Amino acid sequence: MKRTGKGIGCMWYPIGFTVAANPSAATVKINEDGTATVLTGTVETGQGALTVLGQIAAEELGISADDVHVVSADTDTTPMDTGAIASRTTYVTGNAIQMAAEKAKEILFEVAAPLLRVKAEQLEAADRKIQVKGFPQRCLPIAEVANHAQFVMGMPAIGSASFNPPTVEMDPETGQGKPFSTYVYATQIAEVSVDDETGEVDVIRIAAAHDCGTAINPMLVEGQVQGGISMGIGFALQEEMLFDENGVQINPNLTNYIMPTSLDMPEIEVDIVENYDPTGPFGAKGVGEPTSVPTAAAILNAIFDAVGVRIYSLPATAEKILAAIKEKRAEERQALPAAE
Amino acid sequence: MDDNVKVVEAETSLEALREADEALRLPAVAEPITYPIETKVPDARQQTPAVGQRATRPDGRLHGLGQTKYIDDLSFPGMIHAKIKRAGIAHARIKSVDVSEAAKMPGVLATLVGAEIPVNSFGPSLQDQPVLASDIVYHAGDGVAAVAAVTEQLAADALEKITVEYEPMTPVFDPLEAMSDDAPKVHDPDSNIYATKVIKKGDVDKGFEDADHIFEATFRTQMVEHVPLEPHATIADWDGNGRLTLWSSLGRITMGRADVSRTLGLPYNRIRIIGTIVGGNFGGKNEITQEPILGLLSKKTGRPVKGVYSREDEFMSSTTRHPFIMEYKTGINSDGRIVARKVRLVCDGGAYCSWSETTLGKACILSAGPYNIDNLHVEAFAVYTNKTMTGAMRGFGAPQVCFAYESHMDDMAKELGIDPLEIRLLNAFEENAASPTGQVLESVVVKESLQIAAERFGWKD
Amino acid sequence: MDVTMNVNGRELTASVPPETTLLRLLREDWDLTGAKLGCDVGDCGACTVLLDGQAVNACLMLAGQADGRQITTIEGLADLDAFHPLQKTFEDLAALQCGFCGPGIILAAKYLLDTNPNPSTAEIRDGLSGNLCRCTGYTKIIEAVADTAKELAAKQDAA
C-alpha cells in the first residue's frame, strides 16, 4: 500500500571561505561605443556565472546584459580569482566587478561633467545614458561620453578592483568569531509516497523557498534550485560508493552507481525569498550549493511522516526502509497485550 | 632550354592525373557546419536595468548548437594522449615500478613515474597528496605511473605493460576504527586524526540539566561522487621560452597555477592556465589532478599532450563527499524550545586531506542548524582512511549535518506532539540573532523561507 | 577499413581501424565534437546521435556498423536560416547549464517528438531517461520539450 507523507528541511549556508582570504579581482573596460568588456579570473562551470556577472556590470554601467561581454579564466589575461567554489562567485566576484565598473564609470563622469555643466558627483548611469540625478533630461548617450573620453580627453574608461569578504578569525578553543560575511537561508518541503510492501519511495513534489539576496537572474536561480534538488534526491535515496573488503570500489561506473534520471524528478515549485543584503552586489548573495543542502532532510522527514520509520543513515534505500517497516510492525505486535 | 621542357612535361602529366582523379575525389574532412549567424537578441538581454532580468545565456545558445568546445573537443597539431595507471591496492609500499616494456611499445612516446616529479606533493591545506605515488600508495585510485602515446587506445594498452611491485601494508577503512590508538596508521604514525574543530558557547552541561527532555541520536551518511558529465580533462603544451600552457577543467586556475609552479618548480609567469568551459564541477575539479603529469610528458615529447579521465578514473581517483558519523544530543523544553545541544562529528577524511579542513570547519558551524541555541558544544574530527580521498562537494558538510539536525528536529517534534513547522518557527534565527560562533547575523530570512515554502506546499492542508 | 555514411545530409568517408566506435569516428575523424564522451559504455547518453532517425548511443556502435547509414548529429539540426525549434526553446528557457549533456538530450528529444508529436509529461520523462544530466535536474529540459511540442503542433495546424 502506498502511503504519503510530508517533511520539512530547513537550512542555512555561508557564502565564501571560512575566515580565510578568498579574494576576487576584476577589470571592466568601457569600449568607445559604450559597450563593455569584463575580465574575470573565475571559471564558468555551467551555473551561468558569466551571464550573472555580466548583468552586474551592466547594472552598474546603466547598460543592458547584451552590451557586456565577459572574458574569463585565463591566468595570463584575466585578474586573479579564488575560484568557482563555496558559492562565492555572485557575491565576491560580483562585488569586485561592481567596484571595477564603478571606477570605469567614474572616468566617464569626470569627462561628462563639464559637457553637462554639472559636477561629477551629480551624475548617474542609466538606460545607456550618463544623466544628471534628479534631472535625467540633461544627459548624454554613454556611447558619446565613452568616445569623447578616449579620443578627445585621452582617458579611456577602465577600472580594476578586488573584493574579499570581511571576517574575524575563530578562537581555536571556542570557535567564536565571524567566519563569513553573509549566509543564505532556505526551506524545502517534500511530499513523498512510500510503498510499505517494497520500501520504494517516490518523491512527488517539492516546494523550495530559497534566499539568495537579490536574484540577479531569477531564471538561473530556478535552474540551480532544480539541479540542487536532483543531487539531493540522489544523496537521499540512491547514490552510494561501495567498497569491497580490500578497499577497492565495487561500482566505479554509471551502470551500478545509481543517480537521478528524468524519471526520478518530482514536481518542483521554486520561490525566491525576497531579501536584500547590503554587503552584496545590488543586494545579491549566492545560491549554488545551498540548493542541494536541505533536500535529503525534507525527504527523510517525509518518509518518517508517511510510514513512521526513522532512517538514520543515507541513502534511504528501499531495502532499508522495508526492513525498518518490518521491524516497526514486529515491535508493535510485541507491544499488543496477549489474547486471553 | 632542357629544364623548361621538363617542367612543361611535368605539368602536363599533373593535369592528366587530376582529370583521372576528379571522379574519385571525396572530401577528407566534413564541410563547414552551418548555423544562423544571428544577432537577434532576446528582449531580456536588451533591457535596462539588467539586474532581475530573466536573461538567457549566450553560452547556452552555443551549448544547444553543439558548438561549445570543452577540453576534449580541442585538438592541436601533433597532439598525443596520456593515461594514468592506478594502484588498485588500498595501502602498500611501492618496491619498484618498471615501465620498460611499455616504453618499448610502438606508438608510446614517453613514460613518467613519481620519482621524476620535482616536488611530488600538493593539497589545498595540507600538501599530503602525491602527483604520482612514488613511495607509498594510500588508496586504490592512486596514480603510480603515466604514459603518453599516439592514441588513447595505445596509451591504455601500454598501462597494462607497466609492472609495479607492491609490499602490502595494513589498511584501515572504518573512520571510527581509524580514530583508535592501535589502528593502522595512514600518514602520521601517531594518529589518523588530522584536523579537529571545536565550537563552545554557553554551558552545555547546565543546559542539559535545565532542559525538560533530552534526545539523542546518531546519523550516518555515505560517500558519493560529483559525477560531472564531463570527466577531468587537461591539455599541456610548452613553447620555446619554457612557458607551459595548460588548458584545464580546473575550477580555480589561480590556485592551480600556484600548485603547478610548486610541483614543477616553475615561476608563475612561465605558466598559463586557460579555464575554458567546464562540463560541471560541483567541487570536484577544485584542485590539480593530472596537470603536472601532462606538463612533464609534454616536455619529454615536445608535443601537446591531452589527458582525459575515464569514468572509472572519476570514481576511483577524484575527490568525493565525506561520509559523516554525527552524534546529536539535544536538551529541549516541553514547549519545543531547544536549550542545549552537543554534537560530535567524525568525517571520513579518505586518503588525503584535500578540502577536509574546510569541510570540517563549515560543518561544525552549521551543525546546530539555523536555530537559536544558547548552550552549544560541537567537536569535529577528520580522520584518514585508505579509501578514495574526500574533498569539496556541493555543501562542504552542510547536506550531511542538515540531514542530521532536521531529522533530529522531527523526532523531537513527534515526541513532544508539536507540528514540525511550528517547532522550527519557534527556534529559528531572526534578524540580529547570534550564530554558534557569536556572530550577529544580518539579512536573516529563515522564518520567511519556512512560511513561504509552507504556503506554497499547502502544509496546513 | 573504409566507411562512408551520410552525415547531416552530406556523404563523408573515412579510413579507420575496425574497433573504432561511431563516437570516435564522428569526433576525431570528422571533427563533429557535439556528441560527447561521458562514459564510453552507453550509460550516460552524452553520445546520443540519430541513426536512420533513431536515437542511439554512438559509443556502443562500431563505425563499421554505421557504414552506409544516415547519421544526424547536433551539428545538423540548425541551418543557415534558423535554429531547430528545440534549440530555440532550450535557449529561451535556459534549459541547459553546463551543456555537456545538451547535444545528446536534444537529439533524444528530437527522436521523441519525431515519433510522438504530442507526448505527455510522463512520456517526455521516459523518452529522456537514457540521458543523464547532473546540473539541471531535468526540469527545464522537460518544460522545453513540452513547449516545443506545442509550438510544432501549432505550426502544423496553421499549415
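This is a predicted model: local features need pLDDT of at least 70, side-chain atom pairs count only at pLDDT 80 or more; totals for chains, interfaces and linings use all residues.
The contact between chains A and B involves 103 residues of chain A and 99 residues of chain B. On the side of chain B that touches chain A, the largest contribution comes from helix α14 (residues 446-457) of chain B, which gives nine residues. By class, this side of chain B consists of 46 nonpolar, 31 polar and 22 charged residues.

Chain A is assigned two domains, of which domain 1 is made up of two segments (2-12 + 182-333) and domain 2 covers 24-161. The C-alpha centres of domain 1 of chain A and domain 2 of chain A are separated by 39 Å. Their contact draws on 15 residues of domain 1 of chain A and 14 residues of domain 2 of chain A. Where domain 1 of chain A touches domain 2 of chain A, its residues comprise seven nonpolar, six polar and two charged.

Chain C is likewise assigned domain 1 (2-76) and domain 2 (85-158). Between the C-alpha centres of these domains of chain C the distance is 21 Å. In the contact between them, domain 1 of chain C takes part with 15 residues and domain 2 of chain C with 13 residues. On the side of domain 1 of chain C that touches domain 2 of chain C, β3 (48-51) and β4 (54-57) of chain C each provide at least two residues. The most come from β3(C), with three residues. This side of domain 1 of chain C has eight nonpolar residues, six polar residues and one charged residue.

Chain B contains an open sheet of five strands with mixed pairing, in the order β7-β15-β14-β13-β8. The edges are formed by β7 (193-201) and β8 (213-220) of chain B; each has a single partner strand, so one side of each has no neighbour in the sheet. From one strand to the next, the twist averages 5 degrees. Within the sheet, β13 (residues 324-332) and β14 (residues 338-348) of chain B are paired antiparallel over nine bridges. Thr330(B) lies opposite Arg341(B) of β14(B).

Two helices of chain B pack on this sheet. Helix α11 (residues 356-366) of chain B touches β7, β14 and β15 (375-383) of chain B, and its direction makes about 20 degrees with that of β7(B). Helix α12 (residues 398-416) of chain B touches β8 and β13 of chain B, with about 35 degrees between its direction and that of β13(B).

How values were computed. Residues are numbered from 1 along each chain as its sequence is written. Chains are lettered from A and ligands numbered from 1 in the order in which they are written. Two residues are in contact if their C-beta atoms, placed from the backbone, lie within 7 Å. Helices (H or I, at least four residues) and strands (E, at least two) are DSSP runs, numbered from the N terminus. Ala, Val, Leu, Ile, Met, Phe, Trp, Tyr, Cys and Pro count as nonpolar, Asp, Glu, Lys and Arg as charged, and the others, Gly among them, as polar. Domain bounds come from an automatic or database domain assignment. Two strands pair if DSSP finds at least two bridges between them. Axes are lines fitted to C-alpha atoms, for helices over the stretch in contact, and angles run from 0 to 180 degrees between N-to-C directions.
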